[in-house]
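This note sets out points for a colleague who is about to examine the structure below. Please read the points alongside the sequence and the coordinates.

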Amino acid sequence: ASTPDHEPVASGGSDRVTGVSVATRDVHLAFGANQVLRGIDLHVDAGTTACVIGPSGSGKSTLLRVVNRLIEPDRGDVLLGGRSVLTDDPDRLRQRVGMVFQHFNLFPHKTVLANVTLGLTHLKGLSKGDAEAHALRHLERVGLEHKAGVRPGRLSGGQQQRVAIARALAMEPEVMLFDEATSALDPELVKGVLATMAQLASEGMTMLVVTHEMGFARSVAQQVLFMDEGRVVESGEPGRVFEAPESERLQRFLSQVL
Ligand code: ADP
Ligand code: MG
């Protein structure tokens, strides 16, 4: 694993993580007559971050759901660490691939701590005591160990999203997927969540991030993929993609969002 080239931004215990590469090959998926993914090839090197940008309806969320096997593709393959995972047990795969959604999906009537321990006791089979110790370590990583005993409703949206990130990290995934993780947040709360994500990237996680935050894509990602109508129309280093977009569709998209 490489050394992070900047200091972690959050105060929490910074664990090194070992991300593995994630890739798709010629992934196709239709919902009825709606051909949503039309041959997606991507490769994210171990320990790097790729951002997926593109207009609404272009298939970004569906792509993440295929990688996480919440949906099976009609055709094509999904690989972790160079190995196809389409025949693996989906529950096992979802422990290897963490996902954070736009809406945090925390259980409102459980404490922050209980939200994080749930997967540890149910999926990983940890005892309650071990799960709580482990969960607290991950809450510390996102700077929220002092909120362990409260219910999510008492937290800001940004704090709730960081709990959702801690919950995913507690499962010790090898890849993290983020689907517009900051889109539902008030503007002043976005920065803290992006900082947590940037820290995770610097610690060596492999991340596939659907986002409208072009600043994050520019400063954190090694790769940007532009999707439109179920295809990766253009991809490359963020500097190149943003400064010198080749396709007319990407030029038009960037002129609307930048
Ligand atoms: P994006 O995340 O880029 O906005 P999505 O992947 O959510 O795009 O959606 C791509 C297309 O797939 C849209 O036309 C959407 O209506 C359709 N779609 C997404 N999920 C479903 C589903 N579960 N059933 C039917 N159609 C869906
Ligand atoms: Mg989406």
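1. Leu177 is in contact with Leu64, Val67, Asn68, Val97, Gly98, Met99 and Leu208, leaving aside its neighbours within four places in sequence. Two residues are in contact if their C-beta atoms, placed from the backbone, lie within 7 Å.

2. This is a predicted model, in which local features need pLDDT of at least 70, side-chain atom pairs count only at pLDDT 80 or more, and totals for chains, interfaces and linings use all residues. Residues are numbered from 1 along each chain as its sequence is written, while chains are lettered from A and ligands numbered from 1 in the order in which they are written.

3. On confidence, the chain has a mean pLDDT (the predictor's confidence in each residue, from 0 to 100) of 93, and 94% of its residues reach 70 or more. Residues 1-13 have a pLDDT below 50, although this stretch has 27 contacts in the model beyond near neighbours in sequence. Where pLDDT is low, the predicted coordinates should not be read in detail. The scores of the model are ipTM 0.98 and pTM 0.93.

4. Concerning the overall fold, the secondary structure of the chain comes to nine helices and 10 strands; helices (H or I, at least four residues) and strands (E, at least two) are DSSP runs, numbered from the N terminus. The chain has a radius of gyration of 18 Å, which agrees with the value near 18 Å for a compact globule with 258 residues. That radius is taken over C-alpha atoms, and the globule rule is 2.2 Å times the number of residues to the power 0.38. The C-alpha trace spans about 55 × 40 × 35 Å along its principal axes. Of the contacts with a separation of 6 or more, 70% are between residues 24 or more positions apart.

5. Leu177 is also one of the residues that touch the most other members of the largest nonpolar core, which has 67 residues. Helix α5 (residues 157-170) gives the most to this core, with seven residues. Such a core is a set of buried Ala, Val, Leu, Ile, Met, Phe, Trp, Tyr and Cys residues joined through C-beta atoms within 7 Å. A residue is buried if 20 or more other C-beta atoms lie within 10 Å of its own, exposed if 12 or fewer, and partly exposed in between, with C-beta atoms placed from the backbone.

6. Met176 lies in strand β7 (residues 175-179) and counts as buried because it has 25 C-beta neighbours inside 10 Å. Not counting residues up to four places away in sequence, Met176 touches Gly98, Ala168, Leu200, Met205 and Met207.

7. Around ligand 1, the shell includes Phe31, Asn34, Lys60, Ser61 and Thr62; a residue is near a molecule if its C-beta atom, placed from the backbone, lies within 6 Å of it. The largest share of this shell, three residues, comes from α1. In α1, seven of the eight residues are buried, among them Lys60, Ser61 and Thr62.

8. Arg69, in the loop between α1 and β4 (75-80), has a positive phi near 60 degrees in a residue other than glycine. Glu229, in the loop between β9 (223-228) and β10 (231-236), has a positive phi of about 50 degrees although it is not a glycine. Arg69 counts as partly exposed, with 19 C-beta neighbours inside 10 Å, and Glu229 is partly exposed with 15 other C-beta atoms within 10 Å.
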